[in-house]
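Try each task before reading its solution.

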Amino acid sequence: MLNLLKMDLYRLFRSSTTWIMLLVTVGMAVFGVSMTKYDASNMEQGADSMATEIGADVSDDGVNLNFGISATTLPEWATGDVDFADLVNTQVGSGLFLIVVSIFVTLFVCAEHKNGYIKNIAGQFPNRGVLIVSKAVAIGAQVLAMFLVLFVTMFVTGKICFGDKLVLNSVGKLFTVLGGQFVLHYAFAGVILCLGVLFRSSALSMTIGILISCKLTSLLYMLGNKFSLDLTRYALETNVTRFSMITDRKEILVMMLSAAVIFAVTIGTSIIVMQKRDVR
């Protein structure tokens, strides 16, 4: 198991797609913080908020469903200090980095089917479930690397854009934001891993992941609203956004537990499929 994990980690960090992912993360972080500065400047001049947003709001039975990718600029940032924890929360909560996870986790998981890696190595492990466990650890390292790069880039860009106005009011809040969003994004990576194992198609898995990231699944959740069932409380893609607005600890606990359940189910499903399916 340890040797398998070392091989997966070696393959991960030797892959050009991993480094491209990190460069894309840097670019998105710089763009997001720069647009936030632009919005704050407009609000300071008395203009309406121009929060960076791609998508549309739909209301059904009083429930607002936000399709697409959006990041909000808080009004107090126009003239006051910018709390770094809030800045990170609003940027990561936009859902943009779910798309990064969708693309690059898919490329990593599905690459082994194209290059024959899985076929060559599967015969060495009677319990092929360890292949999934090792891969889950590897994508965890991939998501963690993305968050570390995101954190550093946003801090540097924030200092350049906001100067002394960028402050950190609470270290605990910052770690709560980073930890909570990491859990949600890692659980989402587990979903993408499961899709890659099920379909063995990078195009299909990537497409489904991007559609989920853009919250088009909210159309399905509207059906739950008809039966007074709020599925958005448990969905990863909506919780990534809701995490930036929720302060109630019980609600955050529900988010974390639902993420853990989703991760366990998707990894368990992947293990079962890997055990029963012929490797090719």
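Helices (H or I, at least four residues) and strands (E, at least two) are DSSP runs, numbered from the N terminus. This is a predicted model, where local features need pLDDT of at least 70, side-chain atom pairs count only at pLDDT 80 or more, and totals for chains, interfaces and linings use all residues. Residues are numbered from 1 along each chain as its sequence is written, and side-chain values use heavy atoms, with hydrogens and water left out.

**Exercise 1.** Find the helix that holds D8, and decide whether D8 is buried or exposed.

*Solution.* Step one: D8 lies in helix α1, residues 2-14. Step two: recall the cut-offs, with buried under 20% relative accessible area, exposed over 50% and partly exposed in between (1.4 Å probe, protein chains only). Step three: D8 has a relative accessible area of 1%, so D8 is buried.

**Exercise 2.** Describe how helix α7 packs with helix α8.

*Solution.* Step one: axes are lines fitted to C-alpha atoms, for helices over the stretch in contact (heavy atoms within 4.5 Å), and angles run from 0 to 180 degrees between N-to-C directions. Step two: α7 (residues 171-199) and α8 (residues 202-213) pack at about 150°, with axes 9 Å apart. Step three: α7 is therefore roughly antiparallel to α8, given that angles under 35 degrees count as roughly parallel, over 145 as roughly antiparallel, 65 to 115 as roughly perpendicular and the rest as oblique. Step four: list contact residues, including F188 and I192 of α7 and L204 and I208 of α8.
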